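Here is a short briefing on a protein model. Look at the structure first, then read the notes by topic.

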Amino acid sequence: MEGPGKFIPTNPRLQPPKKQPDSSPESNYWRSFKTRQLTLPRLSSSAVSFVHFSPAPPHDFVLTSSASLTLFSSSTLRPISSITDFPDVAFSGAFRFDGKLIAAGCQSGVVQVFDAASRLALRRLEGHARPVRFVRYPLPSSGDKLHLLSAGDDALVKWWDVSTGTEVLTLTGHQDYIRSGSPSPTSAHLWATGSYDHTVRVWDIRRPESSVLSVNHGAPVEAVLFLPSGGWMATAGANSVKIWDVISGGKMIHSMDNHNKTVTALSLGKLSGQDGVESTRIFSVSLDGYLKVFDYSNFKVTHTSRFPFPLLSVDSSPSSLVRAIGTANGVAFVSKRKHMTEAADGDFVPRGTEGLLEEKKRTSKARGFRYFERGQSEKPSGGDFMVQRPEKVKLAEHDRLLKKFRHKEALVSVLRTNDPMMVVAVMEELVARNKLIKCLTNLDSEEELGLLLGFLHRFTTMPRYAGFLMAVARKIVTQRANDIGSSPALTKHLAGLKATVAEEIKIQNSLMEIQGMISPLLIRRQSLGVTDGCFSEVFEMVGSALTEE
């Protein structure tokens with residue numbers, strides 16, 4: 001219980017409740033990734049359009065931005081080297097499954113193949129007439145090191161023999177730009193490509209005459225991704241991610257519409273439970289700055305992360321311990337989870353590390369700060385008696401002054417914060433103590449009175465504070481009229497307050513007129529039973545009149 005002399009900090013009544021983060025075990029797992037911003041050499045503000053991890057250990061990754069490819073170490077998260085041998089903008093830099101070669105397209109329609117170690121250009125594959133936006137080697141399960149697939153703005157898909165530098169075949173069928181694709185994990189001959197003609201086509205390179213399957217996403221397709229089973233496929237376009245059943249002929253299974261803007265990229269990630277069972281999740285990033293983790297087995301979003309810039313690309317390492325995200329502002333973010341991390345009860349931990357954690361706990365030695373602080377995070381068992389330590393509340397400056405009954409200083413202090421919610425809360429506390437009028441009278445200096453008038457000028461017309469602050473404004477103008485009239489600065493504040501109130505009155509009168517215009521129309525509509533569409537033109541005219549006024 002609270003003691004009779006305990007001070008309670010000021011709490012704004014209109015403050016919205018804080019949203020509690022999701023504390024599920026999976027959400028805790030994803031939050032355990034530590035995110036840092038990468039420093040990209042030789043890049044200014046060019047968008048990081050593509051991210052790709054090497055399938056081969058140590059799973060380094062390459063970022064495609066502007067006219068260069070930048071290789072990073074997945075262990076140190078530092079740049080290893082850069083490839084800048086491009087005549088213009090580069091696209092879709094991707095590793096071969098052994099990590100020794102990197103292929104990328106460019107704005108001029110050429111596909112180039114580089115040695116990842118020496119950065120030397122080994123092949124130039126010329127055949128596209130427009131920019132090549134998608135380049136990818138076959139998956140490791142195929143064992144094919146000699147071919148790659150490319151697609152671009154010429155609406156063509158080409159299959160190349162890299163060893164000879166020749167085009168093997170061309171797949172036609174799309175009617176607009178091709179911006180994405182994905183190889184099938186179950187067949188080395190099946191590929192899917194997504195186009196701005198709203199379609200996703202599945203190709204069998206053994207039958208190049210036409211696609212074996214076509215589905216309509218309903219919007220320009222930005223990303224395509226085969227799921228691990230090979231029977232399902234995810235597509236992204238507009239603000240939705242859709243799951244399709246490839247085996248049943250392209251039947252849509254589910255649509256996820258959790259993003260507010262265009263979804264730009266998809267990737268797969270894994271998590272391992274304490275029972276050692278691996279689960280696969282879909283990562284989706286969007287121009288709204290959100291990364292969402294989608295559990296497609298239960299059709300629900302399990303975690304959301306917010307970033308400060310629009311997101312363009314995402315990929316996860318094969319071990320799923322490192323995740324990289326590219327943004328439209330030339331910034332890349334990398335999230336990394338360590339192998340040995342002490343997890344809370346119920347959290348997911350990487351498979352194979354549980355024994356290491358237990359061994360580490362058993363071999364602790366009596367040295368260092370960690371040893372003497374051990375057990376601090378232990379949870380009590382059922383029969384333990386807990387001694388609660390009173391929490392020390394950190395008070396704001398105005399709360400400390402209120403605690404000492406220095407009311408005027410508390411009011412001036414909170415006015416300096418320029419936080420309307422807290423200022424109103426302190427004023428209401430002073431009203432409860434019958435000290436607000438005295439504080440307004442005791443504002444001695446021109447600076448203190450100017451702080452109050454400036455605050456009233458800015459926030460008096462805000463709807464949530466208007467009723468209370470209008471009363472304060474009337475009281476201060478009545479009591480301190482002589483002081484305000486003798487100071488040019490205070491007179492200027494009062495003139496601004498008067499103009500703000502007059503403008504608000506004008507707006508309210510306009511709204512009352514509009515309400516009078518609309519009310520008869522709504523009554524007439526109800527009496528006739530007419531639908532809303534018949535009055536859409538009238539409402540547009542009213543809105544135009546309000547805008548002009």
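Ser320 is buried because its relative accessible area is 4%; buried means under 20%, exposed over 50% and partly exposed in between, with a 1.4 Å probe and protein chains only. This is a predicted model: local features need pLDDT of at least 70, side-chain atom pairs count only at pLDDT 80 or more, and totals for chains, interfaces and linings use all residues. Residues are numbered from 1 along each chain as its sequence is written, and side-chain values use heavy atoms, with hydrogens and water left out.

- Ser320 is not a glycine, yet its phi is positive, near 60 degrees.
- Ser320 sits in the loop between strand 26 (311-316) and strand 27 (322-327); helices (H or I, at least four residues) and strands (E, at least two) are DSSP runs, numbered from the N terminus.
- His198 also has a positive phi, about 80 degrees, without being a glycine.
- The loop between strand 15 (190-195) and strand 16 (199-204) holds His198.
- His198 counts as partly exposed because its relative accessibility is 29%.
- Pro57 and Pro58 are joined by a cis peptide bond, with omega about 5 degrees.
- Pro58 belongs to the loop between strand 2 (48-53) and strand 3 (61-65).

- Strand 11 (residues 147-152) and strand 12 (residues 157-161) share five bridges in the antiparallel sense.
- Lys158 in strand 12 is the bridge partner of Ser150.

**Helices**
- Helix 8 (residues 446-459) has 14 residues and spans 20 Å from first C-alpha to last, close to the expected 20 Å; the expected span is 1.5 Å times one less than the number of residues.
- Buried residues of helix 8 include Leu449, Leu452, Leu453 and Phe455.
- Val501 lies in helix 11 (residues 488-528).
- Val501 counts as partly exposed because its relative accessibility is 21%.
- Leaving out residues up to four places away in sequence, Val501 touches Thr461 and Met470; contact means heavy atoms within 4.5 Å.

**Confidence**
- The protein chain averages a pLDDT of 84, and 85% of the residues score at least 70; pLDDT is the predictor's confidence in each residue, from 0 to 100.
- Over residues 340-361 the pLDDT is below 50, and this stretch has 34 contacts in the model beyond near neighbours in sequence.

Methods. Two strands pair if DSSP finds at least two bridges between them.
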